[in-house]
Amino acid sequence: MKRAKDYIIFSLDVSSAEEARHYIGILSEHVGMFKVGLELFIRSGPEVIKMIKDMSQAGIFLDLKLHDIPATVRRAMASIAELGVNLTTVHCGETREMLKAAVIGSSGEVGVLGVTLLTSISSYDIQKAGFENQYSADISKLVLKRAEMAKDEGCTGVVCSGLEVKMIKNAFGKEFLAVTPGIRPAWTLAEKDDQKRVTTPASAIKNGSDYLVIGRPIRDAKDPVQAAVMTAEEIESA
Ligand code: C5P
């Protein structure tokens with residue numbers, strides 16, 4: 001059975017393998033997966049994946065958010081598949097071809113998540129970027145449209161905000177994974193940052209989220225272990 005801590009994906013948003021080692025060491029027993037993003041992967045590369053495997057039983061989410069021509073995405077995804085990670089990401093972007101190429105490149109060896117719309121993007125940003133009014137008026141329409149592309153092309157699921165999970169589960173079923181960043185536990189809501197479409201752990205879980213991606217609220221806490229434990233308790237109660 002999935003335990004409360006298994007829902008937590010801790011984002012290793014740090015700039016060195018040494019810092020990553022510290023967080024892996026203290027959090028291994030308290031989270032379900034570690035997420036490696038661009039900052040750490042550019043610095044430390046596949047070595048950091050090996051380090052997580054050596055140090056921990058937790059899963060690995062390699063969040064590289066691919067966005068390129070289909071041939072390049074297919075080849076990059078084939079390289080990711082060789083690393084033996086559980087989940088990875090491709091932007092839903094403009095066309096289905098990129099998503100299809102990502103799924104083909106993965107060869108079923110790694111779960112491919114389509115990034116629908118970054119949780120740092122608001123309706124205002126969408127309007128300024130020149131999208132049709134229907135999308136800036138209701139950002140969830142754009143998320144749904146992109147999730148549909150990801151589903152049709154065979155992705156394992158999507159990355160979306162906790163505010164959109166219910167809609168995605170209703171439209172595409174329980175098996176289609178919804179992974180949600182932009183998680184801000186009640187004890188951090190006073191601190192403003194770049195995330196705009198935020199939810200608490202409890203509300204993301206109640207909406208049906210499969211995994212909560214949490215970075216700064218745990219990384220920057222005075223006691224990261226305590227922050228992870230408190231988050232798991234909130235998940236449990238939800
Ligand atoms: O610190 P914070 O909890 O905001 O970290 C969120 C993490 O999730 C970051 O690593 C960010 O790159 C990632 N992410 C996101 N929004 C997405 C996809 C990934 O914030 N749509």
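Q: Are helices α1 and α3 roughly parallel or roughly perpendicular to each other?
A: This is a predicted model, in which local features need pLDDT of at least 70, side-chain atom pairs count only at pLDDT 80 or more, and totals for chains, interfaces and linings use all residues. Residues are numbered from 1 along each chain as its sequence is written, and side-chain values use heavy atoms, leaving out hydrogens and water. Helix α1 (residues 17–27) and α3 pack at an angle of about 25°, with axes 11 Å apart. Angles under 35 degrees count as roughly parallel, over 145 as roughly antiparallel, 65 to 115 as roughly perpendicular and the rest as oblique, so α1 and α3 are roughly parallel.

Q: Which residues of α3 make the contact with α1?
A: Contact means heavy atoms within 4.5 Å. From α1 come Ala-17, Ala-20, Arg-21, Ile-24 and Gly-25. Their partners in α3 are Val-48, Met-51, Ile-52 and Met-55.

Q: Where is Ser-56, and which side chain does the side chain of Ser-56 join in a polar contact?
A: Ser-56 sits in the loop between α3 (46–55) and β3. Ser-56 has 10% relative accessibility, so it counts as buried (buried is under 20% relative accessible area, exposed over 50%, partly exposed in between, with a 1.4 Å probe and protein chains only). A polar contact is a pair of N or O atoms within 3.5 Å; within protein, one must be able to donate a hydrogen and the other to accept it, and residues adjacent in sequence count only if both atoms are side-chain atoms. At 3.2 Å, the partner of Ser-56 is Ser-28.

Q: Is Thr-88 buried or exposed?
A: Thr-88 lies in strand β4 (residues 87–91). Leaving aside neighbours within four places in sequence, its contacts include Phe-61, Leu-62, Met-77 and Val-110. A polar atom of the Thr-88 side chain lies 2.6 Å from the backbone oxygen of Leu-62. Relative accessibility is 0%, so Thr-88 is buried.

Q: What is the relative accessible area of Lys-65?
A: Lys-65 is found in strand β3 (residues 59–66). Its phi is near 45°, a positive value in a residue other than glycine. Lys-65 counts as partly exposed because its relative accessible area is 28%.

Q: Is Ser-107 buried or exposed?
A: Ser-107 is in the loop between α5 (96–106) and β5 (111–115). Phi of Ser-107 is near 50°, again positive in a residue other than glycine. Its relative accessibility is 54%, so Ser-107 is exposed.

Q: How many Å apart are Ile-126 and Ser-140 in space, C-alpha to C-alpha?
A: Ile-126 lies in helix α6 (residues 123–128). Ile-126 is buried because its relative accessible area is 3%. Ile-126 and Ser-140 are 14 residues apart in sequence. In space, C-alpha to C-alpha, they are 11 Å apart.

Q: Are α8 and α9 roughly parallel or oblique to each other?
A: Helix α8 (residues 139–152) and helix α9 (residues 165–172) pack at about 40°, with axes 10 Å apart. Axes are lines fitted to C-alpha atoms, for helices over the stretch in contact, and angles run from 0 to 180 degrees between N-to-C directions. Helices (H or I, at least four residues) and strands (E, at least two) are DSSP runs, numbered from the N terminus. The angle therefore makes α8 and α9 oblique.
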